Amino acid sequence: MYDYREIPFSPPDITDDEINEVVDTLKSGWITTGPKVKQFEKGIANYVGVNRAVCLNSATAAMELTLRILGVGPGDEVITTAYTYTATASVIHHVGAKIVLIDTSPKSYEMDYNQMEEAINEKTKVIIPVDIAGKMCNYEEIFRLVENKKNLFKPNSEIQETFNRVIVMADAAHSFGASQNGEKSGKVADFSCFSFHAVKNLTTSEGGAVVWRNDRGLDDNIIYNQYMLYSLHGQSKDALAKSKKGSWEYDIIYQAYKCNMTDIMASIGLAQLKTYSKKLEKRKQIIYSYDKGLLDENTVGISHLIPSNFSSGHLYFVEILDISLEERNKLINLLAKSGITCNVHYKPLPMLTAYKNLGFDINEYPNALRHYTRQISLPLHTKLSDIDIKFIIENFNLLKKQI
């Protein structure tokens, strides 16, 4: 066994294909939102199996714009999990709604769905489940519980009236390419927001997208145009449309935001999308090796490889059941000395200053705290070699015994 091997946590997998696509864009003379963004949107929609997709500069923007388009604002409540990155909850705060955080299940990183049901009331407009690590949440259960509380729902916008129940908006930042009961992530929740950040399975350096189901009575063109307006200052024409001869005239429909994707970003995504299925297969193989080499009665993980709920394999969690916070941190440091960069996903929101200032107390989320204390994220990316994987497994098992 090697004493040291430099293994980064999650480097982007960039090849000459991505570079050539970017060069082509730069040479085209069109680098902001234009034809390649529209092409990428079509590619995403086709991959997921929906009619339309909207590309933006982040999943965060996708989630916030969705809440605004749904008419969520002051006086409303939005439910999400305490075990997530701040982006999931900060967008609720941005639109002026109340953040309602739910503890995780004792044996899962998903929300405790019984607590979620109890939290639904007349002010609840949206639930944001988080597909953490790439595994889709139990949407069948979520929709069942939403239907149980349907009588409490009070719509305050036309689109909310179309649903006539609490709307389920997936934080699918991790789950692009995942599937549940044969349906890809993006076709299960009412709305799904993906991330293409640098560390994600498919990257555009920064970036994100939103898709919606086509069986909810929504007009795809109206919804798409709402995202276009909200993401480009409320301007009635984008730069591509204005660039046509004699087409300079435009209007500002309302004061909106600036969070569009550029053609440079989309060109990276177009190249990545072509090889995405192969990359998912590589992740599946790595996860299989990890599961076989790491998991035992004392070290557990997320089940990524269930045929009925196939994960995108974005993150590989291990949770050591009898470890303390101090021991967990020591193990991460020992792995780092061997060259293995690890991470922790996530520090529960009530532990963070911004959420403490809103009145959240981590003592009210004991399961989330317990998961956090014992959790380590190991490197999982398509640039890992077989030697890297073997090195990680051997060092993890050896160093775990030293704690």
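Okay, let's start with the biggest opening: the largest pocket holds about 500 Å³ of space. A pocket here is worked out on a 1 Å grid over the protein atoms alone, as an open set of points with protein on both sides within 12 Å along at least five of seven lines. The volume is the space filled by probe spheres set on those points, with points joined across faces, edges and corners. There are 25 lining residues, and closest to the centre of this pocket sit Tyr85, His174, Ser195, Lys200 and Tyr346. Lining means having an atom within 4 Å of a point.

Before I go on, this is a predicted model, so to speak of local features we need pLDDT of at least 70, and side-chain atom pairs count only at pLDDT 80 or more, while totals for chains, interfaces and linings use all residues. Numbering runs from 1 along each chain as its sequence is written, and side-chain values use heavy atoms, with hydrogens and water left out.

Which helix gives the largest share of its lining? That's helix 3, with three residues. Helix 3 (59-69) and helix 4 (86-94) each supply at least two. Helices are DSSP runs of H or I with at least four residues, strands are E runs of at least two, and both are numbered from the N terminus. By class, the lining has ten nonpolar, twelve polar and three charged residues. For those classes, Ala, Val, Leu, Ile, Met, Phe, Trp, Tyr, Cys and Pro are nonpolar, Asp, Glu, Lys and Arg are charged, and the others, Gly among them, are polar.

The second largest pocket has about 300 Å³ of space. It has 15 lining residues, and Lys107, Ser108, Tyr109, Gly301 and Ile302 are the closest to its centre. Its lining splits into six nonpolar, four polar and five charged.

A cavity is a set of points where a 1.4 Å probe fits but cannot get out. How many are there of 30 Å³ or more? Six. The largest cavity has about 80 Å³ of space. Of its 14 lining residues, Pro11, Asp13, Lys200, Asn201 and Arg283 come closest to the centre. Its lining has four nonpolar, six polar and four charged residues.

Two strands count as paired if DSSP finds at least two bridges between them. Strand 10 and strand 13 (residues 316-320) are joined by two bridges, and Thr299 has Ile320 as its bridge partner.

Ile306 stands opposite Asn309 in strand 12.

Last stop, Lys258, in the loop between helix 9 (239-242) and helix 10 (263-274). Leaving aside neighbours within four places in sequence, Lys258 contacts Asn57, Ser231, Leu232 and His233, where contact means heavy atoms within 4.5 Å. The C-alpha atoms of Lys258 and His233 are 5.7 Å apart.
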